[in-house]
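Please look over the structure below before reading on.

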Amino acid sequence: MLVPIQSDIVMLENITQTITSTSASFRAITKRINKETINDSLRWELIHGLLAPQKYISSKFFYDDYGSRLFEWITQLPEYYPTRTEKSIIQNNANELFAQLSHINLIELGSGDCSKISLVLKAITPSKLSNITYYPIDFSPASIEQSKSELKREFPELEVKGIAGDFTQLKSLPNEQPRIICFFGSTIGNFETQEAEKLLNGIQEIMNPGDQLILGLDMVKDISVIEAAYNDSQRITEAFNKNILRACNKLIDTDFFIPDFDHLAFFNKELNRIEMHLVANTDIEISSPWLKQNLSFKQGDRIHTENSQKYTKDMIQHLANKSHLHINKMYTDENSWFSIIQLMK
Ligand code: AVJ
């Protein structure tokens with residue numbers, strides 16, 4: 001269900017439908033969350049994670065307007081190799097991947113600042129651009145608004161229809177023309193293995209024969225290279241990680257004091273993933289008008305805020321198998337640090 005919020009930006013509303021029942025114990029400790037609105041379903045999700053035995057906050061809460069800006073800053077950092085490596089692969093292979101396209105819907109999940117799709121659009125001849133509709137889908141309405149106006153300026157022939165929302169909700173994607181779904185940035189690596197498979201399988205199910213999925217994945221490599229990318233010397237990643245508490249304070253009116261937490265990011269060798277956590281550096285009681293009792297943190301307690309999966313070729317093949325997609329072609333850079341994978345049904 002799409003609800004217009006401004007011009008042609010739409011908000012995915014069916015996120016609220018994913019949460020249908022509230023357990024009695026949850027009801028007992030929360031106050032009047034009726035799940036009728038998007039904000040309430042987000043509140044529900046936040047509170048659910050903060051009450052779990054191992055506290056967590058979903059990494060999608062990083063991306064409020066300030067967090068989206070911090071992430072864009074991260075992508076420019078010398079230590080943060082993924083974005084520039086992926087962009088070089090897109091740029092080097094854009095002709096083969098995209099030059100012939102016309103009469104398609106180009107969909108991007110987690111479009112951010114749209115700088116990757118710009119590389120794609122530059123490879124397409126302007127006369128063909130007028131037969132393409134681009135659908136950026138992003139959690140941050142501000143990101144969508146900004147990229148819309150920037151793309152309009154750079155590619156006046158292109159039609160752009162932004163969708164602000166949770167891109168795990170896919171049913172409302174347009175269906176009349178062949179579609180290319182771009183899912184760059186190794187964003188799928190934020191999901192636990194099974195959730196990632198479920199998400200890809202969900203994409204596979206809405207794909208028609210001939211539709212393509214272009215997936216960007218960060219590869220396993222020297223651990224020091226990976227860990228440096230999440231512990232940058234300018235401490236922007238630290239600010240990005242801590243900003244999630246501000247997002248939390250905004251949504252459920254908690255009183256998290258940011259200096260009470262330290263940034264922790266390390267490579268989990270068993271699971272081949274970066275984990276980010278916030279670690280309480282003192283004993284803390286957190287209250288929220290949405291909670292009937294305080295949240296207690298002992299010094300050293302962690303809130304798990306992100307997983308960032310790194311892949312091997314075998315893991316990619318396994319992921320494709322599990323989601324019933326087949327790998328048409330894989331592209332990588334000279335160091336095999338990042339991969340762009342073309343998948344079809
Ligand atoms: C946008 C999810 C790909 O996992 O590298 C950057 C987010 N987190 N620094 C990643 C992120 C910390 C990023 N993704």
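By class, which residues make up the shell around the ligand? The shell has four nonpolar, seven polar and one charged residues. The model is predicted: local features need pLDDT of at least 70, side-chain atom pairs count only at pLDDT 80 or more, and totals for chains, interfaces and linings use all residues. Residues are numbered from 1 along each chain as its sequence is written.

**Ligand shell**
- Around the ligand are Ile74, Pro82, Gly185, Ser186, Thr187, Gly189, Asn190, Tyr230, Thr237, Phe240, Glu306 and Ser308; a residue is near if its C-beta atom, placed from the backbone, lies within 6 Å.
- Helix H10 (236-252) and strand S13 (302-309) are the elements that give two or more residues to this shell.
- In the class count, Ala, Val, Leu, Ile, Met, Phe, Trp, Tyr, Cys and Pro are nonpolar, Asp, Glu, Lys and Arg are charged, and the others, Gly among them, are polar.
- The ligand lies between domain 1 (36-63 + 223-309) and domain 2 (66-221 + 311-344), because both give residues to the shell; the bounds come from an automatic or database domain assignment.

**Helix pair**
- The axes of helix H3 (residues 65-74) and H10 come within 9 Å and cross at roughly 170°; axes are lines fitted to C-alpha atoms over the stretch in contact, with angles from 0 to 180 degrees between N-to-C directions.
- H3 and H10 are therefore roughly antiparallel, a term for angles over 145 degrees.

**Hairpin**
- Strands S9 (residues 261-268) and S10 (residues 273-280) pair in the antiparallel sense over eight bridges; pairing needs at least two DSSP bridges.
- Helices (H or I, at least four residues) and strands (E, at least two) are DSSP runs, numbered from the N terminus.
- Asparagine 268 stands opposite arginine 273 in S10.
- Four residues separate the strands of this hairpin, where asparagine 272 takes a positive phi near 55°.

Conventions:
Parallel < 35°, antiparallel > 145°, perpendicular 65-115°, else oblique.
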